[in-house]
Amino acid sequence: MDAFARLESAVMQYIGRTDVKASPGQPFSQKLTLLQKARDRFRNPKRLDVRVAAIQQLLPVRADIVHSVLEVALVFDGRTVTSRLSFQNSSNAQRPPMLTSRDELVAMTRRLNQLAHQFSQQRLKEAAPIAPASASA
């Protein structure tokens with residue numbers, strides 16, 4: 001959850017630097033859509049597109065982790081015990097819970113932190129300087 005929060009914070013910093021109007025209470029997916037509308041403000045909008053697409057792929061996982069009850073499932077296999085985290089989808093109770101291993105969770109956390117760092121490195125175009133008003137006599 002912390003990694004998703006760091007990523008959302010990095011996205012909100014860029015929203016704050018653009019003319020995009022977004023509120024902290026808006027869903028993360030809407031914030032990403034608004035940010036894409038300001039893609040012309042970025043020096044490399046294609047990088048923004050790639051990063052937003054990567055984040056959008058993780059949004060269903062984020063929804064399960066952030067909005068559902070955490071359960072720990074233990075699988076006994078002889079002497080081996082495997083623990084998995086189970087997240088029930090909050091918007092679709094008919095969908096089976098998402099099961100993820102510790103290693104998968106660690107890898108996802110690394111990816112989220114990487115995306116947050118990449119977002120913090122994303123550069124905006126320089127604002128065009130305003131020409132001084134000419135004095136007319």
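Helices (H or I, at least four residues) and strands (E, at least two) are DSSP runs, numbered from the N terminus. I note that this is a predicted model, where local features need pLDDT of at least 70, side-chain atom pairs count only at pLDDT 80 or more, and totals for chains, interfaces and linings use all residues. Residues are numbered from 1 along each chain as its sequence is written, and side-chain values use heavy atoms, with hydrogens and water left out.

**Entry 1: alanine 54**

I looked up alanine 54 and found it in helix H3. Alanine 54 is buried, at a relative accessible area of 12%. I use buried for under 20% relative accessible area, exposed for over 50%, and partly exposed for values in between (1.4 Å probe, protein chains only). I then listed its contacts, leaving out residues up to four places away in sequence: Arg111 and Leu115. Contact here means heavy atoms within 4.5 Å. Alanine 54 and leucine 115 are 61 residues apart in sequence, yet 8.2 Å apart from C-alpha to C-alpha.

**Entry 2: the core**

I went to the largest nonpolar core, which has 29 residues. Such a core is a set of buried Ala, Val, Leu, Ile, Met, Phe, Trp, Tyr and Cys residues joined through side-chain atoms within 4.5 Å. Val11, Leu35, Ile55 and Phe119 touch the most other members. H1, H2, H3 (45-67) and H4 (102-121) each supply at least two residues. H3 gives the most, with 8. I checked isoleucine 55: not counting residues up to four places away in sequence, it touches Leu7, Val11, Phe28, Leu32, Leu115 and Phe119.

**Entry 3: H1 against H2**

I took helix H1 (residues 2-17) and helix H2 (residues 28-37) next; they pack at about 35°, with axes 10 Å apart. Axes are lines fitted to C-alpha atoms, for helices over the stretch in contact, and angles run from 0 to 180 degrees between N-to-C directions. H1 contributes Leu7, Glu8, Val11, Met12, Tyr14 and Ile15 to the contact, and H2 contributes Phe28, Lys31, Leu32 and Leu35.

**Entry 4: lysine 31**

Is lysine 31 buried or exposed? I found lysine 31 buried, with a relative accessible area of 1%. Lysine 31 belongs to helix H2. Leaving aside neighbours within four places in sequence, lysine 31 is in contact with Glu8, Met12, Ile15, Ser23, Pro24 and Gln26.

**Entry 5: methionine 1**

I ended with methionine 1, in the segment before H1. Methionine 1 is exposed, with a relative accessible area of 61%. Its C-alpha atom is separated by 7.0 Å from that of isoleucine 65, 64 residues apart along the chain.
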